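These are my notes from going through a structure by eye and by list. I wrote down what I looked up, entry by entry.

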Amino acid sequence: MNKNLISHRDAEAQRKTYLFIILSVSVPLWLIIFYSNVYASAWMQTEGDSLIATGTSYSIADSFWKRDGKLAQYSTRHKQGVYYLYGEYGYSYYYNIFASTGWTYSDNGTSTDSGVDDVKIGIRGRLNLFRNGRTWEIAAILPTRKWYLSDYRPGQGKYGLEAGIFYRFRPNPYENPFAEYPHSIWGGGLGTTLRSGGVGGEVWGYGNWQKNLFSPLWKIEIKLSALSSFAGAETGSVDIYGPNDSFHYDQISSDISLSYSLSRTTGINLSYKQDLWGRNINKNETVHAGIYTTWKK
Amino acid sequence: MEEIIRFWNTNFTNIQMARIKTKIKTSIFSISSYSCNSFIRVIRVQVLFFGLTVGGLQAEASEIQFKTLELEMDSRDAEVLFRKEPYDTSSFPVAVVDEGKRIHGRVEVIGQFSRNFLKKSILIKLDEGQRWQGNKKISLKSMSTDLSYMREWLTWNLISSLGMVSPRVEYYRLNINKQFIGFFLFIEWIDTSMFDRLGLGKDGEFYNTNDETYCGDMSPDNQNRLQECWAKLSPKDKDYTSLKKLIEGINETPVEDFDKFLTKHFDVDSVINWLVVNTIISNGDTYNKNYFLYFSKKTGKWVVIPWDFDLSFGRNADPVLPFPRNILNDNYTYFYPPELGSPNPLKEKTLKNKQLFNAFKNRISHVFGITMERESQGFFEKLFIKDKPLGGFAWFRPDEFQSRVTALENIVGRDLTKERYPGSKGEPFEQQVEALQLYNQWRYVLLKKLIFDPTPFNTAHWLPYFIFPPLSPVDMTKRQTIPLILSTTAEVLPTDKSVVLMEELLARPVGMLDIQSLNKPARVRLEVETERVPESLPAGIHPSKCIQRIWYLDIKTPDTILKVNMQLDYLQESSLHHEIGEQITDERGLSLWVMQNYKWRKLKTSINTLANVLKTEALELTSSDLLRFIACEE
């Protein structure tokens, strides 16, 4: 019986240890906030680790919120497709660098526009020296071209500077060693984007809630995000043709996403985003699918 | 500061001789690449030892040293190294300060399990061309899951004493920026440089069992998936031909010829010693993982190098508790049979082969201090050294073992509270050390009886693979109970200091008596009902608050008065097989109760909750008494 016990123990311990390590070391994509093709993360890569993520999103808007917050129908459906590429690298324990870009196609029913999207290069650091899940970021946004249909993203195609802080309420790993993450984890972020040309300057924030689903390999996330512009405060004009980036705009959106860890280093993510309320901005619905992988140097 | 305690109890074997010769050569021809005061001191001790053995004396030497390793780091990095997230693998610049010289490199956290504690194991990789005492890497184990701080060192000490191929293992006090961090165990990085240093050459083939696949068991089932089960560490290629040939040979050779096979292909002592060490320390976490194999082209033979001894000396994994409690638990087992762990044909055939089994038994006897083995000697050695005893004689004999443990306790215990970062939580250090000593006390008598003494029917108590399979399949979801009545008697003399009460057929110790006084030779009986809820209880105590074991003690000789200190044990093998009542909340609250003259009386009890041993002192017993004991929490 002893031998049986020990052999069984081995197999069981192996399975549990492996699962635990997967949960502990994998960097879930769902920590990375997909918002208007902009990534932000509360997670620091270990020194020498790299992450690359890619995916695509497709948005439609059949209506927009006018400046008074009332919904108005478009005569034609607005559509936008984005293929994005994102990478980050653990330069040291204290600093990560990251970069992203994409290819965007926009169609407002009467005209289309497409091309390589803005490039974002940034640096991420730790708000807490000892704990992960508490970060700050500063990023430069470099335009690649002028965009003619930017009603999905005011400020697209302008130089910009972005800064934010991100937090995830994770338990202290040393207070209760080996404890799996609790059933749900709350997080949030707050930041600002400054852009050239007086358009697209925003403050933004989000709160999210994450939970394991089915098994520890599956995760679900629900997120509520908001933004408000502080540029383009002109008055007057009409808003019968859709959002006008000369004017102030606001937006509240909700996201639901499902992630699955394929292995210790790779995962996939599916999400659906719905804008809930806004002023002078499109009412979008977005679906997204992405994959990420990490590796060590 | 350095402290040295010398124990004159360990010898030097052929392999150690080879090491010494190699060291002497190295020190003469390349002293700069192996600068090491301690090495010179060891040589001095060993030379002294030769002087003694030439004269036919049996003085032996080994030493427990606590050295200090000084590191210098950026103060922020030094804090972050231990306090950062468990699985972060970042590295930081570091300088090792050695005799005023700074040797630069980078330091990182290593290990899996110990990462989850603030006191972590660390690895220093020195910059290209840099060496510290001949090492390119300095691996420091935190011992954070073994609160006795001794299991690893004791095992390596036994391994080294027996002359096995093994890394240098030493205790270190680690200071960073002159601040004491804690006690760590330096384990020389096992690679081809180590084998070269030990005279086995560095051009051999070096394999490690894969820790994640659990299939390095040499079985026919796994001999065709070697790349999955084994990592080839050197040369770094995918050619597993030699290993495949070896494992095929092991599986094809019949048991009766296995001694010849082993002699031809293996350093036989490395295999015998591996089995002996695992038997003594009760290490079941091996034979399918946790060992290395090295094929030396210089000797044309394979050697086994064991690894990872945290689940040893009574500690045991649990088959059903969730991670990490499957590893960090209160289970304790001194009573496992000599052979345990995963099936492995190298182990099985070695134990089943008559000659090799005898060699195994002789080695156990040697380590128990029953019979002494001599080293096989070459022509040159025979000229100068006669009857050189093999190292490790009496290593596990309770007096030797316990004095070694006590010496370690005195050093570690003194500065333990000054450690900067804590390891796993558990019973205090003193309890941990006592549990080690109790393990030795109980396992020594168990193994001695099982391996060497015949049953009352003049049959062997234990033979390799003498296993009775369970009559029905073991249900791993249900509590297992195997109630037994174990009856023991012992003839006790007034001059006896202590007596082990042992069940003869199962060779199972069930109690120990330290004799305080006895008026005449007496026959003492202890009967134990195991895994049974006590029926008769003191008023107000619920059966679920009691250990499910009942002891009966009496004297069969008339007109006898006996005064004893008594040790009794109870079962906590796993969460499925134990005697802990459901309502017991804290084993520390257990007390022994005795029924005498139909009245229950609570005894002053001390308990080691790790070893599951209850102790009471100054117990008086006369021949008219039948004492019934139970252990309950109030």
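**Entry 1: strands in chain A.** I looked up the partner of A:Val119 and found that its bridge partner in strand 6 of chain A is A:Leu142. Strands here are DSSP runs of E of at least two residues, helices are runs of H or I of at least four residues, and both are numbered from the N terminus. Two strands count as paired if DSSP finds at least two bridges between them. Strand 5 (residues 119-126) of chain A pairs with strand 6 (residues 134-142) of chain A in the antiparallel sense, over 8 bridges. I then followed strand 6 of chain A to strand 7 (residues 160-168) of chain A; the two run antiparallel and are joined by 8 bridges. For A:Ile138, the bridge partner in strand 7 of chain A is A:Ala163.

**Entry 2: ground rules.** I noted that this is a predicted model, in which local features need pLDDT of at least 70 and side-chain atom pairs count only at pLDDT 80 or more, while totals for chains, interfaces and linings use all residues. Residues are numbered from 1 along each chain as its sequence is written, chains are lettered from A and ligands numbered from 1 in the order in which they are written, and side-chain values use heavy atoms, with hydrogens and water left out.

**Entry 3: a salt bridge in chain A.** I took a salt bridge to be a side-chain nitrogen of Lys or Arg within 4 Å of a carboxyl oxygen of Asp or Glu. The structure holds 53 of them over all chains. In one of these, A:Asp113 is joined to A:Arg145, with the closest N and O atoms 2.9 Å apart. A:Asp113 lies in strand 4 (residues 112-116) of chain A and A:Arg145 in the loop between strand 6 and strand 7 of chain A, so the pair ties together parts that are 32 residues apart in sequence. Is A:Asp113 buried or exposed? I used these cut-offs: buried is under 20% relative accessible area, exposed is over 50%, and partly exposed is in between (1.4 Å probe, protein chains only). A:Asp113 is buried, at 7% relative accessible area, while A:Arg145 is partly exposed, at 27%.

**Entry 4: salt bridges in chain B.** I found B:Arg173 and B:Asp415 joined by a salt bridge of 2.7 Å, N to O. This pair links distant parts of the chain, since B:Arg173 is in strand 7 of chain B and B:Asp415 is in helix 13 (residues 398-415) of chain B, 242 residues apart. Both B:Arg173 and B:Asp415 are buried. B:Asp285 and B:Lys289 form another salt bridge, with the closest N and O atoms 3.4 Å apart. B:Asp285 and B:Lys289 are both buried as well. I also listed a network of salt bridges that links B:Arg525, B:Glu527, B:Asp554 and B:Lys556.

**Entry 5: A:Thr266.** I found A:Thr266 in strand 12 (residues 266-279) of chain A. A:Thr266 counts as buried because its relative accessibility is 17%. Which residues does A:Thr266 contact, leaving aside its neighbours within four places in sequence? They are A:Tyr260, A:Ser261, A:Ile291, A:Tyr292 and A:Thr293, where contact means heavy atoms within 4.5 Å. A:Thr266 and A:Thr293 are 27 residues apart in sequence, yet 4.3 Å apart in space from C-alpha to C-alpha. Their side chains make a polar contact of 3.0 Å. That term means a pair of N or O atoms within 3.5 Å; within protein, one must be able to donate a hydrogen and the other to accept it, and residues adjacent in sequence count only if both atoms are side-chain atoms.

**Entry 6: helix 4 of chain B.** Helix 4 (residues 151-161) of chain B is mostly covered, with 10 of its 11 residues buried. Among the buried ones are B:Trp153, B:Leu154, B:Trp156 and B:Ile159. Just after this helix, B:Gly163 takes a positive phi of about 85°.

**Entry 7: backbone exceptions.** Most residues other than glycine have a negative phi, and most peptide bonds are trans. B:Asn177 has a positive phi near 50° and sits in the loop between strand 7 (169-176) and strand 8 (179-187) of chain B. B:Asn597 also has a positive phi, of about 55°, and is exposed at 63% relative accessible area. The peptide bond from B:Ser234 to B:Pro235 is cis, with omega near -15°. B:Phe323 and B:Pro324 are joined by a cis peptide bond too, with omega about 5°.
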